[in-house]
Amino acid sequence: MTDEPDTPILDDHLHLDPAHGRGIDAVEDFVNAGGTHLLVVNKPSWMLEDVGDDESIFRAVFETTIDVVERATEVLPGRAWPVLGVHPALISKLTGRGYTPDEARDIMQAGLDIAAEYVAEGPALALKSGRPHYDVGDPVWEASNDVMKHAFELGAETGCAVQLHTEGGQDFTEVAEWAENRGLPADRVVKHYSEGRLDGPTKSVLSNKDELEIAVEADEPFLMETDFIDDPDRPGAVLGPKTVPRRVEWMRAEGYDDAIRTAHVETPAAVYGIDTEATL
């Protein structure tokens, strides 16, 4: 990579923890590898504050993320944007504290309402929601789907995309239909930690070479991510902050120039309404 990047390089989904993790040091690693833009998703509430069953906890988590995004933007050749929401595993934390699934649903929907305020007022770019990626009982599953549908309603109202944390798989057409039915276009629903093939939402592909090759061959809109979690207790978890720039370098060597533009210019513009070239 050169000192002056010739193309935007966006990591669509990573976390920064300025209090407990590497924070801005991780951003500097990303920049030194050639990265230019970041979408920073707030960490789960229980990792930064308490479990998250009242408004003040959600706001504290969101403010922490907005603050670190402002600091990241000072370091980046481009800029960073916050993606705010409620991690779907919060429902298990809440029911473990004695809340019913319906009570947990209401708390999580209220947290999303607060996140949507930050989108409507400007600091945040998109919302984050989803459903558990592990087995849960029917009441928790149904409540989780209700939370996700509420996120779609908020996305439609505020005109923003919704990133999803869900179980694995390739067929999410039903989820995309839920979004469409609530006024949110399916292409503005982003499945984070996606495989190279996906039906329904826009895929944010975890940047392993095998899955990226599949995404390139599919010749569809896609994004690239690391899901870097910035947790000192799990230093090798998911992918490091240098990964997306390094994968772009590999893609360029493979002749995947069109796919690079798809993932880092065209899809971000279509999904989030951001111009990664003008902000570089």
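**Exercises on fold and salt bridges**

With 280 residues, a compact globule would have a radius of gyration near 19 Å, and the protein agrees with this at 18 Å (taken over C-alpha atoms; the rule is 2.2 Å times the number of residues to the power 0.38). This is a predicted model, in which local features need pLDDT of at least 70 and side-chain atom pairs count only at pLDDT 80 or more, while totals for chains, interfaces and linings use all residues. Residues are numbered from 1 along each chain as its sequence is written, and side-chain values use heavy atoms, without hydrogens and water.

**Exercise 1.** State which residues form a salt-bridge network with Arg 105.

*Solution.*
1. A salt bridge is a side-chain nitrogen of Lys or Arg within 4 Å of a carboxyl oxygen of Asp or Glu.
2. The network links Asp 102, Arg 105, Asp 106 and Asp 146.
3. In the Asp 102 to Arg 105 bridge, the closest N and O atoms are 3.3 Å apart.
4. Arg 105 also meets Asp 146, at 3.9 Å, N to O. Asp 146 lies in helix α6 (residues 138–158) and Arg 105 in helix α5, so this pair ties together parts 41 residues apart in sequence (helices are DSSP runs of H or I, at least four residues; strands are runs of E, at least two).

**Exercise 2.** Decide whether Lys 203 is buried or exposed, and do likewise for its partner Glu 220.

*Solution.*
1. The two side chains form a salt bridge of 2.9 Å, N to O.
2. Lys 203 is in strand β7 (residues 202–206), and Glu 220 is in the loop between α8 and β8.
3. Buried means under 20% relative accessible area, exposed over 50%, partly exposed in between (1.4 Å probe, protein chains only).
4. Lys 203, at 1%, is therefore buried; Glu 220, at 37%, is partly exposed.
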